[in-house]
Amino acid sequence: MAQRVSGNIFEQQQTNRRNTVLVMAVFIGFVGFLGLGFDVLILGLGQRGSFHLPVATLLAVGFGSMSAFWSLQAGAASVLRSSGAVAVAADDPQYRQLRNVVEEMSVAAGLPVPSVYIIPDPDPNAFATGKDPAHASVAVTQGLVDQLSRDELQAVVAHEMSHVRNEDIRLMTVVAALVGAAMLLSQFGMRSMQFGGAGGGRRSDSSRRSGGGGVIFLVFWLLAMILAPIISRILAMAVSRRREYLADASGAELTRNPGALAAALEKIDAATDPTRSIKQGTAHLCIADPLGAAANDREGWLADLFATHPPIKKRIDALRAMAFQARPDPTALKQPSPGS
Amino acid sequence: MSVFGIFLIVVVILAFWVMLKYNSLVALRNQVENGWRQIDVQLKRRHDLIPNLVATVKGYMEFEQDTLQKVIAARNAAAGAQGVADAAKKEGELSGALSRLFALAENYPTLKANENVKQLQEELSSTENKIGFARQFYNDIATKFNIAQQVFPASIIAGMFGFQPRELFEVTEPGERNVPAVDLSLRK
């Protein structure tokens, strides 16, 4: 069993690395496309007799690359700041148990101990972030610490440590940071549109031939601008659904106690209040959807697009099935199977 | 292309494959070593915590001097153990002595209410857990290492460079399986 799961982990790490590069490339390409639109429509690049450097495109690609780099380097800090997470001191007696549980799970996963953060929010929830396992952070809400038993807390932290081990955190953090950047950009674009529209109109008066192409380009550009937040949102959601099942399973592999995670998810599900501290852009990082969106309860392609998490009931069922299988088998005592 | 050319290409590819396999086996072996040392780190931590615990509970449990003595003796024996088999046996005895102490602590409500004792008990439970998880991690990684060197054709390379399969950590005493006995109600 260990072999199969660790095979999954390796594949997952590969996929995550590839997708991180892909997401960053798509973002840079998208921003560059907007810059090209600016070049063509407003600075008149490609018009008769006006050949100059595509200044806006170059600037946009530069800006996009910087954002992507920033999302990798500072994304975790920004995610933690936006959710109001506070670092837990190493000797804080109040969170001794939380810290111990995190240490236990890092021993079980064979990883360095991540930084521990508390989010002052009464709703139980948790997430992990960071650019790699050596620079990882685990954040849990005050509600989670208050409402869960030690075993349940351990199970939730194990789920988060699995995200760290599978290297989900880098992709999820980069997506969170870039979603924020894309939102800002589209707001900026909306505001500069009036200026862009006026420029386009004046130019199509002076040269009718390129006018048609210009209009098509303008339409594309506007579409891209409007679609930016939607695309980035869908991207963020598609990223998170399947990996939650995997993190549940490999979390249970760390604690060898799938029942505790099932119990924890039940408690998290029963708390109906939304986790207000966690902003929309970071929802996909959490163990359960902080907003309690209705789409999470359904399956199918539409739910795949609009839900950040798989149905919590299905996750609980899967874990309960694991717990049933993990029930001690009397023959296993005589001959302990390696790796179990 | 000449026969010699093809032969040369095959040899280069083979040499490259041997190098890759050898390197991955070495990497795994280092992980296994590290996993083994992690167990020692946690055991050492438990040895360090016990004198503190005994000093704290002494005042409350004056009628249990015998049990406390046994814990200290088991701790000292475990700390001075020589070799893996000896250490495993003595650590097992220490776990037994500790769980007896915690079972007796149930009879002392004032002791259970003491903040210091609660903290220490949380620390000890956590250390017990870490020992368990460190062993679990060692077993997982050692299993991976063993499989990696036993499957064909990597087994040829493992034999060539003298890689040895690692022994897995197994519970020697039946009582050892009952580690959850330490998980008393003092834990949240």
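**Note on a predicted model: the sheet of chain A and a helix of chain B**

1. In chain A of this predicted model, four strands make up an open sheet of mixed pairing, arranged in the order β1-β2-β4-β3. The edges are taken by β1 (86-87) and β3 (126-130) of chain A, each of which has a single partner strand, so one side of each lacks a neighbour in the sheet.

2. The partner of β3(A) is examined next. Strand β4 (residues 136-141) of chain A pairs with β3(A) in the antiparallel sense, over five bridges. Within this pairing, A:Phe127 has A:Ala139 of β4(A) as its bridge partner.

3. Helices also pack on this sheet. Helix α2 (residues 55-82) of chain A touches β2 (115-119), β3 and β4 of chain A, and its direction makes about 150° with that of β3(A). Helix α5 (residues 150-165) of chain A lies across β3 and β4 of chain A and runs at about 25° to β3(A).

4. As to chain A in general, the chain contains eleven helices and four strands. Of its 340 residues, 44% are buried. Among the contacts in chain A with a separation of 6 or more, 73% join residues 24 or more positions apart.

5. The buried residues in α2(B) are B:Val71, B:Ala74, B:Arg75 and B:Ala78. Seen down the axis of α2(B), these buried residues fall within an arc of 100°, and they therefore line one face of the helix.

6. What covers the buried residues of α2(B)? The cover includes α1 and α3 (84-105) of chain B. On the other side of α2(B), the residues B:Gln65, B:Asp66 and B:Gln69 are exposed.

7. Confidence should be read alongside these points. The model scores ipTM 0.76 and pTM 0.78. Chain B has an average pLDDT of 82, and 89% of its residues score at least 70. In chain B, confidence is highest in helix α1 (residues 3-58), at a mean of 90, and lowest in helix α4 (residues 109-113), at 79.

8. One stretch of chain B calls for a separate remark. Over residues 174-188 of chain B, pLDDT stays under 50, and the model has 26 contacts beyond four places in sequence for these residues.

Notes. Residues are numbered from 1 along each chain as its sequence is written. Chains are lettered from A and ligands numbered from 1 in the order in which they are written. This is a predicted model: local features need pLDDT of at least 70, side-chain atom pairs count only at pLDDT 80 or more; totals for chains, interfaces and linings use all residues. pLDDT is the predictor's confidence in each residue, from 0 to 100. Helices (H or I, at least four residues) and strands (E, at least two) are DSSP runs, numbered from the N terminus. Two residues are in contact if their C-beta atoms, placed from the backbone, lie within 7 Å. A residue is buried if 20 or more other C-beta atoms lie within 10 Å of its own, exposed if 12 or fewer, and partly exposed in between; C-beta atoms are placed from the backbone. Two strands pair if DSSP finds at least two bridges between them. Axes are lines fitted to C-alpha atoms, for helices over the stretch in contact, and angles run from 0 to 180 degrees between N-to-C directions. The arc is that of the directions from the helix axis to the C-beta atoms.
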